[in-house]
Structures are given as structure tokens and as C-alpha cells.
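Student: I would like to go through this model with you, one feature at a time. Shall we begin once it is on the screen?
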Amino acid sequence: MIDLHCHSTCSDGTDTPETLAALADEAGLTALALTDHDTVAGLPRLMACQPTTRCRLLPGIELSCRFLGSEMHVLGLLFDPLDAQLLERVEALRVRRIARNTALLDRLRTLGVPLEWEDVLALAPGDQVSRAHFARALVKKGIVCKPQDAFHRYIGEGAPAYVPFKDLTPGDAAGWIREAGGVALVAHPGRTSRRLFPWDGAMKDLKAQGFVGFEARYSDYGPAEQAYFEALARDLDMLPSGGSDYHGAFKPGIRLGVGRGDLEVPDAWLENLEAAARCGR
Ligand code: AMP
Ligand code: MN
Ligand code: MN
Ligand code: MN
């Protein structure tokens with residue numbers, strides 16, 4: 001059993017890369033990929049655990065993109081985590097994120113929300129501050145009751161303090177991953193776009209732009225959704241991938257490897273992805 005999607009304290013997860021490596025062994029996983037949002041900062045720490053970890057530890061990233069007017073997430077797996085060009089590209093994302101966070105805080109203040117930068121920083125143990133941390137800070141200050149309300153009322157797409165900054169295209173993201181020796185996959189299709197989105201046609205276009213596959217198993221898929229995406233992978237001759245999207249305490253109810261309890265991602269799926277990475281497909 002494998003898990004090719006999870007987050008650490010280097011983005012918006014609550015477990016360190018070292019803890020994730022230990023949890024992977026505890027769960028009896030054979031492979032784990034760390035896929036923090038827009039950063040590879042956790043990868044050297046994860047890889048450093050390999051000598052004492054039975055589970056194979058793999059490099060990954062989840063890049064935030066824009067696709068047809070909505071946010072879309074791209075998973076990169078199996079790339080060289082020390083690739084200089086990729087590191088440079090990801091560093092540019094970090095700089096843009098800092099500017100976005102400043103603008104977001106300004107907008108909240110303009111709306112009369114008394115949030116301080118320190119309130120947000122206190123909840124972000126790593127280098128990266130994301131909207132997940134803003135949402136927790138708004139809860140802690142008693143401004144909203146739960147994180148979901150923070151997204152609805154203030155910082156979610158379309159809400160008054162939302163500041164767009166993710167204009168990377170999926171095609172460019174796939175190029176970044178491929179040029180660093182990895183494979184590009186669409187993360188949780190159907191989860192970040194509008195409902196009833198016609199994925200059949202869109203996925204064909206994305207394949208032409210360098211995507212080798214997409215997540216066909218995911219913690220929050222229902223049985224019908226999983227069957228649909230597994231069939232779509234076969235129909236389009238693309239590779240299925242899967243993972244829990246574990247965030248620790250930031251996504252309660254989701255465990256590494258098994259998701260909400262019944263997730264199971266076959267080892268053979270990773271072998272296929274590794275073959276594709278070797279072919280530079
Ligand atoms: P950022 O990359 O800083 O824009 O923050 C994005 C993160 O915020 C995502 O990875 C999720 O963890 C979280 N997030 C985004 N939208 C929502 C939402 N509607 N409800 C709950 N969490 C969300
Ligand atoms: Mn997240
Ligand atoms: Mn995602
Ligand atoms: Mn994720």
C-alpha cells in the first residue's frame with residue numbers, strides 16, 4: 001500500500017517530515033510521497049529519514065495553478081529534488097506568496113477584521129504561510145467559528161478578502177516537473193473545479209500538455225467518482241495515481257495511507273509512474 005499525496009509543516013500540514021516518515025512505517029506503507037503546496041523545503045528532511053525508514057520516501061510537490069478560471073492543483077512526483085531550475089522556479093512562487101499574504105492581511109484590515117501578522121505566524125510552524133493558517137487564526141481570534149466559515153466569509157475564492165496570485169498554467173507546471181525528471185499528474189480532479197465539470201475533454205487536453213495521469217483514488221472520492229476516474233484513466237491511456245492528502249490536524253478524519261478508512265492505492269500504480277518518469281513521458 002502506498003500514499004502519493006500528503007502535507008507537512010513545510011506547507012499546511014501539522015506533522016513534520018520526520019513524523020510523516022515514522023507514521024508511514026507505523027501504517028505499514030511501502031512508499032510515501034511528500035507533496036507540500038508550492039514548496040520542496042520538506043524534501044531534504046524527508047529524504048534524510050530514509051536510512052532508518054522501511055517505507056520508500058519519495059519527492060513530490062503540489063503546485064497551485066489556474067485552469068479555465070478556477071484553481072487547479074498539479075502533483076509532481078519522482079523529480080530530482082535538487083534540480084537547480086526547479087528550485088529557482090519554486091523560490092519565485094515563495095516570493096509571490098509573501099506578497100499575496102501581505103495583500104490578504106491588508107484586505108482583512110480594510111474589512112475591519114482586527115488580525116495581526118503575529119496571529120497568523122503563531123499558527124504556521126514552517127516557512128510557508130497559507131490561507132489554511134489565516135483561517136485558523138481567524139477562528140482563534142473568535143472572528144469566525146470554524147475554518148470553513150473563514151473561507152466562505154473572507155478568504156475563499158470570490159470572498160471579499162480573496163487575493164488571486166496563482167496564475168501558473170497547468171501546461172507550464174507540467175513542464176517544470178518534466179524538466180526536473182518527474183511526472184506531472186492532475187491532483188483530485190473534480191475537487192477544485194466546479195461540479196459537473198466535463199473532465200473527459202479537459203483531461204485529453206491536459207494529456208497533450210504533458211500530464212501522464214491523475215488521481216483516481218483520493219480520500220474524499222465516493223465509490224462512483226473513483227470508478228469514473230479509474231475508467232477515464234483506462235479510456236485515455238493515462239496513469240492512475242492516488243493518495244490521502246493527509247494534513248494532520250488540519251484535515252481531521254484523514255489518516256496516512258488509508259484516508260477516511262477505506263483508501264487503498266496499489267503498489268503497481270507507482271511502478272507505472274516510475275516507468276513513465278524513466279521514459280520522460
Ligand atoms: P493558499 O495556497 O495559501 O492559497 O491556501 C490554500 C489552502 O487553503 C489549501 O491547500 C487548503 O488547505 C486551504 N483551503 C483552500 N480553500 C479552502 C476551503 N474552501 N475550505 C477549507 N480549506 C481551504
Ligand atoms: Mn492544503
Ligand atoms: Mn489540493
Ligand atoms: Mn494536497
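Student: Which residue forms a salt bridge with Arg94?
Tutor: Arg94 forms a salt bridge with Glu91, and the closest N and O atoms are 3.0 Å apart. A salt bridge here is a side-chain nitrogen of Lys or Arg within 4 Å of a carboxyl oxygen of Asp or Glu. As to conventions, this is a predicted model, in which local features need pLDDT of at least 70 and side-chain atom pairs count only at pLDDT 80 or more, while totals for chains, interfaces and linings use all residues. Residues are numbered from 1 along each chain as its sequence is written, chains are lettered from A and ligands numbered from 1 in the order in which they are written, and side-chain values use heavy atoms, with hydrogens and water left out.

Student: Where do Arg94 and Glu91 sit relative to each other?
Tutor: They are three residues apart in helix α3 (residues 84-110), so about one helical turn separates them. Helices (H or I, at least four residues) and strands (E, at least two) are DSSP runs, numbered from the N terminus.

Student: How many salt bridges does the structure hold?
Tutor: The structure holds 16 salt bridges. One of them joins the side chains of Glu71 and Arg131, at 3.4 Å from N to O. Glu71 lies in strand β4 (residues 70-77) and Arg131 in helix α5 (residues 131-140), so this pair ties together parts that are 60 residues apart in sequence. Glu71 is buried at 8% relative accessibility, and Arg131 is buried at 13%.

Student: What about Asp119, which partner does its side chain meet?
Tutor: The side chain of Asp119 meets that of Lys141 in a salt bridge of 3.3 Å, N to O. This pair links distant parts of the chain, with Asp119 in helix α4 (residues 117-121) and Lys141 in the loop between α5 and α6 (147-155), 22 residues apart. Elsewhere, salt bridges that share partners join Glu71, Arg131 and Lys166 into one network.

Student: Changing topic: which residues are the protein donors of the manganese ion (ligand 2)?
Tutor: The protein donors are Asp12 (OD), His37 (NE2) and His247 (NE2), lying 2.1 to 2.3 Å from the manganese ion (ligand 2). Donors are N, O and S atoms within 2.8 Å of the metal (3.2 Å for Na, K and Ca); water is not among the atoms, so sites may look incomplete. The spacing of the donor residues in sequence is D-x24-H-x209-H.

Student: How far apart are the manganese ion (ligand 2) and the manganese ion (ligand 3)?
Tutor: The two ions are 5.9 Å apart.

Student: Are Asp12 and His37 buried or exposed?
Tutor: Asp12 counts as buried at 8% relative accessibility, and His37 counts as buried at 12%.

Student: How many disulfides are there?
Tutor: A search of the whole structure finds zero disulfides, a disulfide being a pair of cysteine sulfur atoms within 2.5 Å.

Student: Which residues do ring pairs link into a cluster?
Tutor: The cluster consists of Phe214, Tyr218, Tyr221, Tyr228 and Phe229.

Methods
Buried < 20%, exposed > 50% of the residue type's maximum accessible area, 1.4 Å probe, protein only. Phe/Tyr/Trp six-rings, centres within 6.5 Å; stacked < 30°, edge-to-face > 60°.
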